[in-house]
Amino acid sequence: YSNNNSVATCTGDLSGGVQINGPVELIVESLTGNIGSASSTAVGVSLINNGASQGGGQSGDDGGFATISFDGGSFDIYSQTVGIVAGAQGGNGGSGNPAGGDGGTGGGGIELNFLSGSVLTDGDDAVGLWAYSAGGNGGIGANVGGFFHSGRQVGGAGGAGGDAGTVAINVTQGAFTQGGTASGFGGVGVILADSQGGDGVSGGEGTAYLNVGQGGAGGAGAVG
């Protein structure tokens with residue numbers, strides 16, 4: 001394993017799998033054996049770069065870039081869950097202060113490049129190659145006012161959901177075998193590319209005894 005300028009390169013005996021966070025790019029190549037076994041429940045290869053969720057009405061952090069290049073040659077990945085996954089999710093916005101924070105974006109782009117090798121998955125809901133980008137959810141707007149408050153009271157606005165980033169899966173050559181039912185993915189169990197915007201959430205309540213209480217605006221949903 002080496003890490004140089006946000007590029008991690010993994011070679012040799014990777015039978016226990018590769019699961020890392022942080023670098024922008026992960027290269028897996030020059031293997032000396034298979035990754036995983038027929039009974040493996042762990043993900044074979046993963047690079048996940050999530051943004052942190054925030055509190056106090058702050059916006060969630062954006063997810064990062066994530067690129068995996070897998071060159072397995074004559075060797076296989078075995079898993080009962082996921083063969084290879086590259087992904088990022090934006091952090092959730094903090095609850096109202098008084099307005100809720102926006103969700104972070106799902107990152108600048110997710111790319112999974114499968115150059116050679118094979119992936120064998122044999123579990124219900126298992127998937128061979130999975131790339132995803134998901135925006136964070138907005139924070140809930142704060143409630144404002146109360147029974148003993150007079151004057152116009154307006155609840156804090158809910159935060160907007162974060163947009164998802166782009167997702168791409170590129171296969172040069174390889175073989176993919178899927179067992180199980182893959183029911184959780186609607187029957188799609190070999191290659192899955194998923195881009196989903198975060199949820200906009202409700203605004204807070206406005207309550208007043210002698211005047212008008214008005215709920216805060218709901219946050220906008222995001223683009224996937």
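**View 1. Around F70, contacts are made with V28, L31, I35, V45, I77, I84, N113, F114, L115 and S116**. This list leaves aside neighbours of F70 within four places in sequence; a contact means heavy atoms within 4.5 Å. The model is predicted, with local features requiring pLDDT of at least 70 and side-chain atom pairs counted only at pLDDT 80 or more, while totals for chains, interfaces and linings use all residues. Residues are numbered from 1 along each chain as its sequence is written, and side-chain values use heavy atoms, with hydrogens and water left out.

**View 2. The largest nonpolar core comprises 24 residues**. A nonpolar core is a set of buried Ala, Val, Leu, Ile, Met, Phe, Trp, Tyr and Cys residues joined through side-chain atoms within 4.5 Å. Buried stands for under 20% relative accessible area, exposed for over 50%, and partly exposed for values in between, with a 1.4 Å probe and protein chains only. L26, V28, V45, F70 and I84 have the most contacts inside this core. Two or more residues each come from β2 (7-12), β3 (18-21), β4 (25-31), β5 (45-48), β6 (66-79), β7 (82-89), β8 (110-122) and β9 (127-134). Strands (E, at least two residues) and helices (H or I, at least four) are DSSP runs, numbered from the N terminus. Another core, of six residues, lies apart from the largest one and has V82, V127, Y132 and L192 among its members. In soluble globular proteins, nonpolar side chains tend to be buried together.

**View 3. F70 and F114 form a stacked aromatic pair, with 5.3 Å centre to centre and 25° between the planes**. Rings of Phe, Tyr and Trp (its six-membered ring) pair if their centres lie within 6.5 Å; planes under 30 degrees apart count as stacked, over 60 as edge-to-face and the rest as tilted. F70 belongs to strand β6 and F114 to strand β8, so the pair ties together parts that are 44 residues apart in sequence. Both F70 and F114 are buried. Together with F176, F70 and F114 make up one aromatic cluster. The whole structure holds three aromatic pairs.

**View 4. W130 and Y132 form a tilted aromatic pair, with 5.0 Å centre to centre and 40° between the planes**. W130 counts as partly exposed, at 21% relative accessibility. Y132 is buried, with a relative accessible area of 14%.

**View 5. N113 is a buried residue, with a relative accessible area of 13%**. N113 lies in strand β8. Its side chain and that of E111 are joined by a polar contact of 3.3 Å. A polar contact is a pair of N or O atoms within 3.5 Å; within protein, one must be able to donate a hydrogen and the other to accept it, and residues adjacent in sequence count only if both atoms are side-chain atoms. With neighbours within four places in sequence left aside, N113 is in contact with T67, I68, S69, F70 and N170.

**View 6. Strand β6 pairs in the parallel sense with β4 over four bridges** **and with β8 over ten bridges**. Two strands pair if DSSP finds at least two bridges between them. A66 stands opposite I110 in β8. G72, in strand β6, is buried at 3% relative accessibility. The C-alpha atoms of G72 and V28 are separated by 7.4 Å, although the two residues are 44 residues apart along the chain. Leaving aside neighbours within four places in sequence, G72 contacts L31, S116 and G117.

**View 7. An open sheet of five strands has the order β3-β5-β7-β9-β14, with parallel pairing**. At the edges stand β3 and β14 (191-196), each with a single partner strand, so one side of each is left without a neighbour in the sheet. From one strand to the next, the twist averages 5°; axes are lines fitted to C-alpha atoms, for helices over the stretch in contact, and angles run from 0 to 180 degrees between N-to-C directions. β9 and β14 run parallel and are joined by six bridges. A134 stands opposite Q196 in β14.

**View 8. S30 has a positive phi, near 50°, and is a residue other than glycine**. S30 is placed in strand β4. S30 counts as exposed, at 51% relative accessibility.
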